[in-house]
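Please look over the structure shown below together with its sequence.

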Amino acid sequence: MSQAPILSCEEVTVAFDGFKAVQGMSLSLEPGELRFLIGPNGAGKTTMLDVICGKVKPVAGSISFRSRTGVVDITKRKEHKIAELGIGRKFQTPSIFAGLSVMENLEIAMSQNRSVWATLRASLTSRERARIDEELALIGLGDERHARAGLLSHGQKQWLEIGMMLMQEPEILLLDEPVAGMTDRETDKTGELLREIVKRRTVVVVEHDMEFVRNFASKVTVMHEGKLLKDGTMDEVQSDDRVAEVYLGKRRDAHAVG
Ligand SMILES: Nc1ncnc2c1ncn2[C@@H]1O[C@H](COP(=O)(O)OP(=O)(O)OP(=O)(O)O)[C@@H](O)[C@H]1O
């Protein structure tokens with residue numbers, strides 16, 4: 001049975017100097033979904049994440065978010081407000097503190113309102129410690145808690161950043177190509193991590209790695225030239241002629257994915 005959406009984007013259009021990167025795009029997410037957003041280069045996927053998190057503003061359409069405190073029209077809200085309401089965004093490059101330990105990075109993420117040094121000087125309450133332990137276990141970095149973040153592998157850095165986002169208890173997590181540059185093993189671990197995360201939150205992943213999408217997607221949204229082309233299960237999407245034509249068909253050429 002379908003639930004009330006946690007996020008509804010209605011007919012969203014984003015223009016850059018008159019060029020419509022997103023045109024009349026609608027997207028509805030159910031709570032607890034792991035939704036993959038795919039499509040050829042330039043389809044407007046990243047712009048769609050940008051508009052949801054408030055980094056860019058639409059010229060038309062609306063976005064509403066069912067937050068813990070009720071339904072909020074976030075179309076014109078500022079980026080930091082949207083983050084506070086519970087929509088977290090992770091960009092491709094990790095923004096961790098390389099010189100600090102894994103645990104210190106999580107401590108800082110937990111206490112956004114204090115300065116870095118005030119945070120590190122303050123002693124943790126037992127509840128905070130438990131919260132960090134829980135997150136370390138989830139992201140699989142329990143053994144690395146005292147390691148310097150800058151010395152982690154590429155995959156571990158990405159997981160740490162996801163962990164830092166989770167410390168802020170977002171309801172929706174927006175991830176842009178989280179497995180880019182990862183080994184196959186790291187990619188699979190990331191998929192498992194996302195499955196764990198959606199037990200309590202909703203996740204949207206922009207992704208080019210089709211094998212990763214096939215392995216972990218339940219529902220996929222395909223964009224093309226700023227518009228919604230198709231959404232459905234991976235099987236439905238793969239058997240759609242228009243998708244094959246504009247997207248999967250292109251994978252047979254020199255830019256083939258997977
Ligand atoms: N700030 C900007 N100013 C001007 N044009 C932009 C801007 N951001 C994106 N675009 C353009 O909007 C279109 C959609 O870009 P977007 O990055 O959203 O696509 P994408 O589907 O994420 O592509 P990719 O898979 O290559 O990352 C592209 O033609 C891009 O050049």
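**Briefing on the predicted model**

Glu11 counts as exposed because it has 12 C-beta neighbours inside 10 Å, where exposed stands for 12 or fewer other C-beta atoms within 10 Å of a residue's own, buried for 20 or more and partly exposed for values in between, with C-beta atoms placed from the backbone. This is a predicted model, in which local features need pLDDT of at least 70 and side-chain atom pairs count only at pLDDT 80 or more, while totals for chains, interfaces and linings use all residues. Residues are numbered from 1 along each chain as its sequence is written. The protein chain has ten helices and ten strands, these being DSSP runs numbered from the N terminus, with helices (H or I) of at least four residues and strands (E) of at least two.

**Residues with positive phi**

- Glu11 lies in strand β1 (residues 7–16), and its phi is near 50°, a positive value in a residue other than glycine.
- Asp17 is found in the loop between β1 and β2, and its phi is likewise near 50° and positive, again in a residue other than glycine.
- Asp17 is exposed, because 4 other C-beta atoms lie within 10 Å.

**Burial and contacts**

- Buried residues make up 39% of the 258 residues in the protein chain.
- Ile52, which lies in helix α1, is buried, with 24 other C-beta atoms within 10 Å.
- Leaving aside neighbours within four places in sequence, Ile52 is in contact with Cys9, Ile63, Ile87 and Leu174, contact being defined as C-beta atoms, placed from the backbone, that lie within 7 Å.
- Among contacts in the protein chain between residues at least 6 apart in sequence, 65% join residues at least 24 apart.

**Helix α3 and its partners**

- Seven of the nine residues of α3 are buried, so this helix is largely enclosed by the rest of the structure; the buried residues are Val102, Met103, Asn105, Leu106, Glu107, Ile108 and Ala109.
- Helix α3 (residues 102–110) packs against helix α6 (residues 154–167) at an angle of about 30°, with the axes 8 Å apart; axes are lines fitted to C-alpha atoms, for helices over the stretch in contact, and angles run from 0 to 180 degrees between N-to-C directions.
- α3 and α6 are therefore roughly parallel to each other, given that angles under 35 degrees count as roughly parallel, over 145 as roughly antiparallel, 65 to 115 as roughly perpendicular and the rest as oblique.
- In this contact, Val102, Asn105, Leu106, Ala109 and Met110 of α3 meet Leu160, Gly163, Met164 and Met167 of α6.
- By class, the contact of α3 with α6 has seven nonpolar, two polar and no charged residues, where Ala, Val, Leu, Ile, Met, Phe, Trp, Tyr, Cys and Pro count as nonpolar, Asp, Glu, Lys and Arg as charged, and the others, Gly among them, as polar.
- The axes of α3 and helix α5 (residues 126–139) come within 10 Å and cross at roughly 120°, and the two helices are therefore oblique to each other.
- Met103, Leu106, Glu107 and Met110 in α3 meet Glu128, Arg131, Ile132 and Glu135 in α5, a contact that divides into four nonpolar, no polar and four charged residues.

**Surroundings of the ligand**

- The ligand is surrounded by Phe16, Phe19, Ala21, Gly39, Asn41, Gly42, Ala43, Gly44, Lys45, Thr46 and Thr47, each with a C-beta atom, placed from the backbone, within 6 Å of the ligand.
- Two or more residues of this shell come from each of β2 (19–29) and α1 (45–52), and α1 gives the largest share, three residues.
- The shell divides into four nonpolar, six polar and one charged residue.

Note on methods: Contact = placed C-beta atoms within 7 Å.
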